[in-house]
Structure formats: C-alpha cells, structure tokens
Amino acid sequence: MPKKQFLKCYFGCDTEGPFHRFPYPEYPNLDRFNLRKAVLAPACSLCFEEQKEDESKVYINKATGYFLCPKCNIHGNWATLERIVKKSKLDIGTKELIAKLNRESEQFAKEWQATLENTVSINALEKSQCQELFKLFEFPFDSDVIKNFSDVRVNDERTALIFPLKNSLDKVVGYRKVQAGNEDKPECCGLHHAGLFKCKAIRSQRGDQAILVPSFQDILNLAIHKVPGNLIWLSNCTLPPIMLPTLDVYQKLYLWGDWNNMRSVAEKLGEDRCLFIRPTDGLVTASEVASAGLSLKDLIAEAKPAAHRSITTFAALRDDVYADLTNIDKVRGVKWQHFPTLTKLLGGHRRGELTVLTGPTGCGKTTLCAEMSLDLAQQGVTTLWGSFEIRNSRLARTMLQQFAGVPLEQNLQDFKKYADGFEKLPLYYLAFHGSQPIKVVMEAVEHARYMHDIAHVIVDNVQFMLGMGGVGGDKNTETGDRFYKQDAVIAAFRTFATTRHCHVTLVMHPRKERDSDDLSTSSIFGGAKASQEADNVLIIQDKRLTTVRGKKYLQVAKNRYSGDLGIVPLEFDKDALSYQTKKKNKTTKMEEGSSSNSESSEQELHKEYFSNYDDMITDRKVIHVSKTGLYKNKNGKLDDATDNYLRELLNLDKNR
C-alpha cells in the first residue's frame, strides 16, 4: 500500500497533523470555502503514487463529511476517511470496503467494454439512419448538432440509446440506457450515482458555466438553438452528494426544470452560484419552450438567483406568483392515481405542507397511509418512512403486497419479480422503533433529505415516537406535560416542512370517545396545535360496528389549499391489502345496465331525501360535503333522513 500522505487543505488553512475536523475549521479564504459545498483536498492516500499531480484529489462534502476519490473510486463516510488517513494499518472492515469498491469498478469496466463492442457511436450512422432513429424517439434532429454527441451509442437493433456517465476526471463510471417507447424511464447501470452525462455546445467558449436540465431532449433543443456553455442531463432533477465533485469546476450553474426539485439541487451546489430559469406561460422545460417557438437564449439571459436572502416587497415575489398562476396544475401537486376522489378534493400532494391523519384504533391508518405513499412513490415522489409503531419488515411486507396486488403467500413463485420492481421505488425507512428523542429523529430526517432528496416524510405515529422520553433528549422534561412534548414535535415537523420544502404526514391517535360519535378535528389527541398547524386533516370514520349497514370512509376535515371538504368511501380488498378505488368493468351489457341503474339509484336517493327540504332551508344549517347538500338541524346534528341518505349512498358501491 502506498505511503500515507498528508492531506493539505485546498483552501490554504494551516493544519498540524494529517487532517482536521469539519465543518468548523478556520479558513483564511472564507468566501471561497462558503461558495463550494464540496471541499477539494489533494493526495488520495490509496492511489497517490499512481496518479498524476492534477488527478491527486479527494473530495469531501462539508455538510456530511462524505468523501470520494474519482481516480480509484474509493468513497465513504468521514469515519472511514479518518481511518484511511490516520492509521498506518487499515482495519479489516475498511479493507473489505476498499476491496468491494475495487471489485465493483473492475466489474463495471468489463461491462462497459462489452457495451462498447455491442454498440456503435451515433456519429457512425448515416444521416438517413440518424433521422429515422431520432424520429423513433421523437427527438428534434439537426445534422450539425449530432456531431457533438459522439459519446452517445446505439444498439444494433436501433431501439436503444446508451449515454455514458462521467465523473470529474471524465472517466466513465456508469451509463444510462433509454429504450424507444419508454423514454421516461431510463435504465441506469454501473456506478451511475457518481457520474453525469454532459456535452459542450458547438463553438462554445463558456467552459465555466453549465445548464442543468431534466432530459436529453432538453439538451438537444439547447444545442440546436446554439446556447453557449456545458449542457448536463440531471435525471429526475435529483443530485446525490457523490455527484457534487463533477460540478465543482463550474462558476455559474443554470437550473432549468421543476422548481420543487431544483430547490434542493441549488442548496447542495451553493445558491450563490445558481440561477433559476423560471417557467413562462406554463412552459417549464426547455423542450416546451422550444416547441412554443420562444427564444431559449432570452430566457437564459433573464435567469434569476435561485434564492432570495431577504424578500420585502411584492416586486421580489411577482415572478413566483406568476409562475404559480401559469402552472396551476403543477401547483396542485402530484395526483393520486389510486384515489381519484381524494385528488379531486385536495388537488394533489404538495411539498411544504403538513398533513395529519387520524382515526380509531385498528381502523387501518397505517395500511391506508402506506398505500397512499406507495401511490406517490410510483410516480417518483421520494419518500422516507418513520414507522415507530410496527417494524420496518412488516411495513415493507404490507407495501410489497399492495404493490403486487395479490396475496404474496399464494404467489411465492413471483416474489422475485415483485420484489425487484418494489426495490426500484424511491422508498427509504428510518431504523427506529418505539420512543425516540425528537432531536435524534430530526437529525436523521435532515440527513435523509440532504442525501436522498426526500420529498415526503411519514411519521407513524407521533404518540409512539414520544413514548415517555423528554423533548430533544432533555432530561428536565422527562416528567413534563405530555401535551407540551407533542406540541414540540408538531412544531419541529411544521418548521421542517416549510423551510425544507418537504411534505410531512403525521399519523396520530384520537382521544378516547364514544364509538357512536363522529371524530372531528378537535378529536385529535393532545392540544389544538396539531389541527391548527396542519394544512390537511384526514379522518378515518369507521361506522361498521355502530350501525347495521355502517361503512368506513375517509373524511377531509381540513384543506388549507382550496377549502374543499368531503368524504372518500373506503372498500378494503383483503387480498391486495388495498383501499384503492376499484375500476368498473363494463365489458357486458348486464354490467353496463347495472352501472346505469346504480347512478339512477343515487339520483333517486338524493331526490327522495332532499326534495321536501326546499321550504326548510331558512331555518336549517346547510353544509356542503362533496357534491351533496346535507342538512343539519339547529342543534348541529344530522337529520335522520340525511343520516340514512349517507348510509344508502355509501352502500351503492357494492352494486356497481
């Protein structure tokens, strides 16, 4: 093994000994230190003698202490780096880690060589062949621009494109495979988490700036319009910290994509060197702008800083307001595919909000929350589960069965297929169980948000997380008011959701009330802070044990975004562990007739129960629930006719 070398700090601070601590060193060039999120230090101890002087670099992330040597692909946490640098003899664990990383590099090198042999460069194709290929992928074509993409390769069948991913030393560490007809779901191979696909615009002299876009089609449009600078494909607008060294050389970075995702990217790169290209007339991406015939160069010239340090006037906010108005569908959030009624009421799943889900004990809060989060994860919403009540293995089994849609124990032969698909979803789990100090939990959540770009955090449930411990590990509050501790937890997650632009879902138990009484926002256990701080309050009402034909349904009791309230009927499929709305099969005339009869029955029920109420509206309290007018008497209770109407309406789903 090479002789140990001292790692001199890239920013010129004087240190005694092999290394110093992060992130609190005293730097003489503090501005330069703050500008970069990744610290650059020369002389990797493991491959120093094999490297050239300009390659003798190891990158260390200031926020996490994670390090990476692009040359030998050794990477790990701060503790691993300290063991490598300080100790003359490596321990067994560190040796095994290094050996594993070396095997992965060698394995990918062989895989990439085989890929090169079985594919050809896109520049090797005839012009007519290139045109047919781009037509198949629905990409814009320009013969002059294609010359700049010599690294892109195509398979023999002309049905797949291979994009090499390079690190900071322009070394291929992975590749992205895009199949025709499935362009939105590229397949990543190799050490793809450490590299990016990038190219330089033709005759561009701006080597110090780059434009980050979410698709290769955006890169093509920018190249066709001769936009200067380096063009980088940032898939899904996510940036794992291990990719930061690849972007360290650029002084100015333009972010062009969905702002909800680009915010976290700008935070990691350093907001001082990031500019955001804001949507225009609902056109978010460069491809959309190019299709509308607008000038891409003009929009780039009008790019604004990624963040405002101080916003005091409407002039600083007007661009954000206009972007919201012209992108109203995106502002509503990600739509649930399996719960269309819930989407209709809430509009969608939005970042920066706090949702509280409550319901009686054993009503299925965890099962419903798991399915709702799985629905979002399948659409690319990166989710962090904090299951303090049940173990992660049991939760994962439930979600896997919901993903498969069939009983797993009866379909073991397909387990690998379902598990492989489920493993690709952006789902992470906190390794906690039972009561935990809020300080420890928040540190883990913050770390996960930074490392994995978490967009949705779920805590199930708040009471189990609290246990009997103090707030933030403070022994002085171990015997304090339980309500105070719960309020502190809610305040912490409310602040996290707002400042980190992340959606937080808190599962909470209600107070013990009579089974015959409906739950409300005031039924949530603890003080009023939970319902006050929440943007959305969802309540599972379970009437199966209190009435003959009682049903279970989800009530939207608070909706700060649009104010729409209502109910979502819940029918449980035991085989799939699913509450999702079943699709109606209308393949036969009999079923079509049954469906139409069901709709007419609903209309008849509405007419039967409410036709005689027109002359009574003046002395009644009227509330609006979904599309149906429900009447309350002066005491605030539902009339018997209204109560019967709800029961009959909820039972209609059985006949559809």
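Is Ile300 buried or exposed? Select Ile300 and you'll see that it is buried, with a relative accessible area of 10%. Here buried means under 20% relative accessible area, exposed over 50%, and partly exposed in between (1.4 Å probe, protein chains only).

Before moving on, some ground rules. This is a predicted model, in which local features need pLDDT of at least 70 and side-chain atom pairs count only at pLDDT 80 or more, while totals for chains, interfaces and linings use all residues. Residues are numbered from 1 along each chain as its sequence is written, and side-chain values use heavy atoms, leaving out hydrogens and water.

**Stop 1: around Ile300**

Ile300 sits in helix 9 (residues 296–301). Helices (H or I, at least four residues) and strands (E, at least two) are DSSP runs, numbered from the N terminus. Now show the contacts of Ile300, where a contact means heavy atoms within 4.5 Å. Setting aside neighbours within four places in sequence, Ile300 is in contact with Ile211, Leu222, Val227, Tyr254, Trp256 and Ile277.

**Stop 2: the rings around Trp233**

Colour Phe, Tyr and Trp next. Rings of these residues (for Trp, the six-membered ring) pair if their centres lie within 6.5 Å; planes under 30 degrees apart count as stacked, over 60 as edge-to-face and the rest as tilted. By that rule there are 18 aromatic pairs. Zoom in on Phe163 and Trp233: their ring centres are 5.0 Å apart and their planes at 90°, so this pair is edge-to-face. Phe163 belongs to strand 7 (residues 160–166) and Trp233 to strand 12 (residues 230–233), so the pair ties together parts that are 70 residues apart in sequence. Both Phe163 and Trp233 are buried.

With ring centres 6.4 Å apart and planes at 85°, Phe197 and Trp233 are edge-to-face. This pair links distant parts of the chain, since Phe197 is in strand 10 (residues 197–200) and Trp233 in strand 12, 36 residues apart. Phe197 is buried at a relative accessible area of 2%, and Trp233 counts as buried at 5% relative accessibility.

Then bring in Arg176, which lies over the face of Trp233 at 4.6 Å from the ring centre. A charge sits over a ring if NZ of Lys or CZ of Arg is within 6 Å of the ring centre and within 35 degrees of the ring normal. For another example, jump to Arg350, over the face of Tyr561 at 4.0 Å from the ring centre.

**Stop 3**

Which strand holds Ser387? Ser387 lies in strand 17 (residues 383–387), and it is buried, with a relative accessible area of 1%. A polar atom of its side chain is 2.6 Å from the backbone oxygen of Ile390. Not counting residues up to four places away in sequence, Ser387 touches Asn392, Leu395, Phe432, His433 and Asp460.

Follow Asp460 onward: a cis peptide bond joins Asp460 and Asn461, with omega about -10°. Asn461 is in the loop between strand 19 (456–460) and helix 17 (462–466).

**Stop 4: positive phi**

Select Arg158, in the loop between strand 6 (153–155) and strand 7. Its phi is near 60°, a positive value in a residue other than glycine. Arg158 counts as partly exposed at 29% relative accessibility. Lys226, not a glycine either, has a positive phi of about 55°; look for Lys226 in the loop between helix 6 (216–224) and strand 12.

**Last stop: colour by pLDDT**

pLDDT is the predictor's confidence in each residue, from 0 to 100. The chain averages 77, and 74% of the residues score at least 70. Select residues 601–634: pLDDT stays under 50 there, and the model has 64 contacts beyond four places in sequence for this stretch. Residues 652–656 are also below 50, with 11 contacts in the model beyond near neighbours in sequence.

Conventions. A polar contact is a pair of N or O atoms within 3.5 Å; within protein, one must be able to donate a hydrogen and the other to accept it, and residues adjacent in sequence count only if both atoms are side-chain atoms.
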